[in-house]
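Subject: Structure for your review

Dear colleague,

Please find the structure below, followed by a short account of what was found in it.

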Amino acid sequence: MAKESSHRTPHRTPRRSSHRNAHQVVMIVSAGSNPFEMGVATELFGLRRPELPVDWYDFALCSPTPTVRMHAGFFQLSGVRGLDAVDRADTVIVPNRPDPLEDPGPEVLAAIRRAAERGARLVSFCTGTFTLAAAGVLDGRRATTHWRWAEAFTARYPQVDLRPDVLFVDDGQVITAAGSAAALDTSLHLVRADHGAEIAAAVSRRLVHPAHRDGGQRQFIEHPLPEVADASLAPLLDWAAEHLTEGLDVSALAARAAVSPATLHRRFRAQLGTTPLAWLTEQRTTLACRLMERGEDRLDVIARTCGLGTATNLRTQLRRRTGLTPTEYRSRFAAGR
């Protein structure tokens, strides 16, 4: 299937709560919720980050019941907030459901609808897409879910434009992640949308996680392991990320890896679900964002420095990825804004 870019729709800035400075993120958990996805949200939005020069998020868990028995009964949560917390949230996260075809409950659906009506950002992890669809907030929108449940989702919710072969889809107010691991990529995407590439890169370094995997990458790779022991792209990607200012192209990457361009293309497809050129363009756009955040405002200088060539190409790539013009991006994320 063709890949779907997850950055074509300009991201709306969620409204902030009137009585708090921090952006409030609330995650709805219920019986059987996946602890991993709850951990992802807690790690990304719940930990204090005093080393970062931005106001971080105010994170909370909420549930229809005061005590929640987590997946397979490994442990249970107590003392979580009630669903009224959703009514004060700027971002609402819905995790997976052990049985996505089971009714999530009218009180949960009502809370999600209220959040949607007042403009809160809605996020689902894995089969949480079923919950958003049941609430009716995905009608006519693009979305994704775990590949294993894609056929069942399409049969149940044909009014949703499902993209079953991507990591996540950002459709503006609603963002859906394909699976548990994709929740990390989606959460970093949200941090990047809220605070810029520089802050997102700092968080990803703390997580020891790739700074950015494009939402259009495939959910699973063709070959789970490289064909030979030295075929991993990781060393090449690390080297290329440090040499983006040197005018790299696909031929240079292939020469560095000591393979033909065709072989490099196959390895990128197999291991990353993308092409060498698309990966280079994404990395260069990220670098351009970071340069703008640091105060550089000469577009021709930024374009040459990051390897995008011209200011026109820089504008095109930035809008494709963020939905913003360079002026809009600088006004939102530049140092001292």
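**Salt bridges and their surroundings**

Arg-290 and Glu-198 form a salt bridge, with 2.9 Å between the closest N and O atoms; the term denotes a side-chain nitrogen of Lys or Arg within 4 Å of a carboxyl oxygen of Asp or Glu. Because Arg-290 lies in helix α10 (residues 276-293) and Glu-198 in helix α6 (residues 197-207), the pair ties together parts that are 92 residues apart in sequence. Helices (H or I, at least four residues) and strands (E, at least two) are DSSP runs, numbered from the N terminus. Glu-198 is partly exposed, at a relative accessible area of 23%; buried means under 20% relative accessible area, exposed over 50%, and partly exposed in between (1.4 Å probe, protein chains only).

This is a predicted model, in which local features need pLDDT of at least 70 and side-chain atom pairs count only at pLDDT 80 or more, while totals for chains, interfaces and linings use all residues. Residues are numbered from 1 along each chain as its sequence is written, and side-chain values use heavy atoms, with hydrogens and water left out.

Helix α6 also has buried residues, namely Ala-197, Ile-199, Ala-200, Ala-201, Val-203 and Ser-204. The cover over these buried residues includes α1 (35-46), α5, α10 and α13 (326-333), where contact means heavy atoms within 4.5 Å.

The structure holds 12 salt bridges. One of them joins the side chains of Arg-121 and Asp-194, at 2.8 Å from N to O. This pair links distant parts of the chain, with Arg-121 in strand β6 (residues 121-124) and Asp-194 in helix α5 (residues 182-195), 73 residues apart. Arg-121 is buried, at 2% relative accessible area, and Asp-194 counts as buried at 13%.

Arg-142 forms a further salt bridge with Asp-171, the closest N and O atoms being 3.2 Å apart. Arg-142 is in strand β7 (residues 142-143) and Asp-171 in the loop between β9 (168-170) and β10 (174-177), 29 residues apart. Both Arg-142 and Asp-171 are buried. Through shared partners, salt bridges join Arg-141, Arg-142 and Asp-171 into one network.

**A charged patch**

Asp-99, Glu-102, Asp-103 and Glu-107 form a negative surface patch; patches are made of residues with over 30% relative accessible area and no salt bridge, like charges being joined within 9 Å. Asp-103 is in the loop between β5 (91-94) and α2 (106-117) and counts as exposed, at 56% relative accessibility.

Yours sincerely

Conventions. Patches are made of residues with over 30% relative accessible area and no salt bridge: like charges are joined within 9 Å, nonpolar side chains (Val, Leu, Ile, Met, Phe, Trp, Tyr) within 5 Å. Accessible areas come from the Shrake-Rupley method with a 1.4 Å probe; for residues, only the protein chains shown count as cover. Lys and Arg count as positive and Asp and Glu as negative; His and the chain ends are not counted. The place of a charge is taken as NZ of Lys, CZ of Arg, CG of Asp or CD of Glu.
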